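Good morning, colleagues. I would ask you to look at the chain on the screen while I go through several of its local features.

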Amino acid sequence: MTDNQKENLRQAALAYHEFPKPGKLEIRATKPLANGRDLARAYSPGVADACLEIKDDPANAARYTARSNLVAVVTNGSAVLGLGNIGPLASKPVMEGKAVLFKKFANIDCFDLEVDESDPEKFADIVCALEPTFGAINLEDIKAPDCFIVEKLCRERMNIPVFHDDQHGTAIVVGAAATNALFVAGKRFEDIKIVSTGGGAAGIACLNLLLKLGVKRQNIWLCDIHGLVYKGRTEDMNPQKEAFAQETDLRELGDVIHDADLFLGLSGPNVLKPEHVAKMAPRPIIFALANPNPEIMPDEARAVAPDAIIATGRSDFPNQVNNVLCFPFIFRGALDVGATEINDAMQVACVEGIAELARTTTSAEAAAAYKGEQMSFGADYLIPKPFDPRLSGIVSTAVARAAMESGVARHPIADLDAYRASLDASVYKSALLMRPVFDAARTAARRIVFAEGEDERVLRTAQAILEETTETPILIGRPSVIEQRCERLGLTIRPGRDVSIVNPEDDPRYRDYWGSYHEIMKRRGVTPDLAKAIMRTNTTAIGAVMVHRDEADSLICGTFGEYRWHLNYITQVLGGADLRPHGALSLMILEDGPLFIADTHVHSRPTPEQLAEAAIGAARHVRRFGIVPNVALCSQSQFGNQSEGSGRRLREALEILDSAPRDFAYEGEMNIDAALDPELRARLLPDNRMTGAANVLIFAHADAASGVRNILKMKAGGLEVGPILMGMGNRAHIVTPGVTARGLLNMAAIAGTPVRHYG
């Protein structure tokens, strides 16, 4: 990297911290404060009631304050990253960053506290005095051996979890990586020899945890800047190092590295030489974790031992040992059961949860965040990536269970499966709303055919379908391409074994398929030759024919291409007197709840009849999510104040809806603000027939519906489920090219719900 590039990166990092406002954190209110009534509740006199409830029973602090979800990151800045003793004020950007990670990965609120105190006992006094404010304490960047003293005193005196992440967070991720490295190498903790460099807090904690995982103490050889830690050594010793002192005449790293199975480096650059690696046992495991420059560069190690299994602390190499895999989730589990401490059992559970997750197939979300990286379990993928959304559910639940089983949980969770589902719902924004749909889908074993079966998102969806539902995925695509991509993506599914395949280039049913398509289309200008060509090249048409022939129950297509192009073939093959597209319904999941929008794709300028059909169909679909529909017909016109344009069509649609009894609330025509603001709507039309805010918006133009949908996605952080194709009896759905694998899984669940007919 050139000096100019380094300077550009430095300036970018500084700008990130400075703009648009200094720092990385802010405090936001969680309750309204809009009027005198709110003020009286938030402060005087209403706040006194909450105070007295807590005075009577301290456990009520968890009910009436943010304490049970509030962690303090506390430091004195004496050992910050690779920067050393830079002091508390200079450490603040790091602590703010830690707080951001707590919020991002585990939705834990966090205050960073930089304390100007170098005496470890006085520092511990300050931390202990903070117990009424916080649910847990994360000690950070405190030099050794002071950190051992501070943590010991705080754990003894405090009745909330105290966790020094530099020690135990690093140890847990190292333990998970070592668990899987030994699995790959075919070795066991009980049998291996470990040589470690670095006798600081992280190094000692890693060795202690490895002992708990089964390593024998006599097989651990610890070296520091002065050489081997041995019995009788007096230079730079402390009780933590002394616990690993060996009775030997050997003195240097080069003397003890012979036949070592695992090198654990938490020291400095270039400590491990290629000649050292050459002396190690076959299939050596090398954890060179010094930052930013490791004890040995991976290419240097592999030049000597090509089969070495290597981890570093850097993100530009495979197997980055990163504490963010641990600390958000161990705190999440500890806080949720009201743990009094984070004990050994909870730490081991965290190790096992992280290691187990890496051995499963990679999540689509993690793959998208790390595009182009190899992410299938093996020597180059020992631990999951930090952005794997499954970490929260798996690791936090394992920690909570361990806390309960070891007797340190003050508020045990009765249903851990439901707890894990709630954690998943906090990560996957659609999970909570989609739960009724997934539950319904699990009652049937429907066959879902995917037109674009070679697409990575579809392959990941097929894997998830087999893991999470009772549906049967069918993929249209070339078997060789599907198999190669599944292997490259680390997916366990294989064509012909786990999923059925329709090969457009060579399928024994080709004659039947083009014959069926020709029979449907022969009086609409399609010749036998054209039917044959379409059945070789058009996967949407193939999928539609399969549904028509009852070889599949529903088709999902649209990961590429224009919506109406797909709709044309679906309507040709599957349309009829009872089935015709009524509109496309998009569910937008927003911070303040769900909002359904139609018609986003099917009818550019729907007629009054089509608008009424869209409203009826939307109401039926909304109920599938366990939501009571409240439908607003939206226009520039407001309750008849414009005689022409979209208002006229919506008024006619309203008349159609009024012509028969309906089992849902609806009103129109109105502006969007009137639809969403009941007080405004009541001022404009006091006797309107809707109560509360609308949750379904029906638009008179696809441009308007689609525009609102896209604005909510791009500017309001809305997550889309859909579009759901209404009117086709659940026999086909067309997604959009921006759909994710999670979005496809949601659509598969919608398609997998057995129905006779709905709008």
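The model before you is predicted. The protein has 759 residues, of which 54% count as buried. Its secondary structure comes to 31 helices and 21 strands. Along the principal axes, the C-alpha atoms fill a box of roughly 95 × 75 × 55 Å.

Let me turn to strand β8, residues 262–265. In a regular strand, side chains alternate between the two faces of the sheet. Here, Leu262 and Leu264 point one way, while Phe263 and Gly265 point the other way. Are these residues buried or exposed? All of them are buried.

Which strands pair with β8? One is strand β5, residues 194–197, which pairs with β8 in the parallel sense over four bridges. Within that pairing, Thr197 stands opposite Gly265. Strand β9, residues 285–288, also pairs with β8 in the parallel sense, again over four bridges.

Next, the annotation. An unreviewed UniProt entry assigns "domain: Malic enzyme N-terminal" to residues 22–155. In the model, this span is 41% helix and 12% strand, and its end C-alpha atoms lie 34 Å apart.

I now come to helix α20, residues 456–468. How does its span agree with expectation? The helix has 13 residues, and at 1.5 Å a residue these should span 18 Å; the end C-alpha atoms are 18 Å apart, so the two values agree. At the start of the helix, a side-chain oxygen of Asp455 reaches to within 2.8 Å of the backbone nitrogen of Arg457. The buried residues of α20 are Val458, Leu459, Arg460, Thr461, Ala462, Gln463, Ala464 and Ile465.

Finally, the cysteines. How many disulfides does a search of the whole structure find? The search finds zero. Cys128, for instance, is in no disulfide; the nearest cysteine sulfur belongs to Cys154 and is 4.0 Å away. The cut-off for a disulfide is 2.5 Å between sulfur atoms. Cys128 counts as buried because its relative accessibility is 13%, and Cys634 counts as buried because its value is 3%; the threshold is under 20%.

Thank you for your attention.

Definitions and conventions: Residues are numbered from 1 along each chain as its sequence is written. This is a predicted model: local features need pLDDT of at least 70, side-chain atom pairs count only at pLDDT 80 or more; totals for chains, interfaces and linings use all residues. Side-chain values use heavy atoms; hydrogens and water are left out. Buried means under 20% relative accessible area, exposed over 50%, partly exposed in between (1.4 Å probe, protein chains only). Helices (H or I, at least four residues) and strands (E, at least two) are DSSP runs, numbered from the N terminus. Two strands pair if DSSP finds at least two bridges between them. UniProt positions are given in the numbering used here, feature names are shortened, and annotations may be inferred rather than shown by experiment. The expected span of a helix is 1.5 Å times one less than its number of residues. A polar contact is a pair of N or O atoms within 3.5 Å; within protein, one must be able to donate a hydrogen and the other to accept it, and residues adjacent in sequence count only if both atoms are side-chain atoms.
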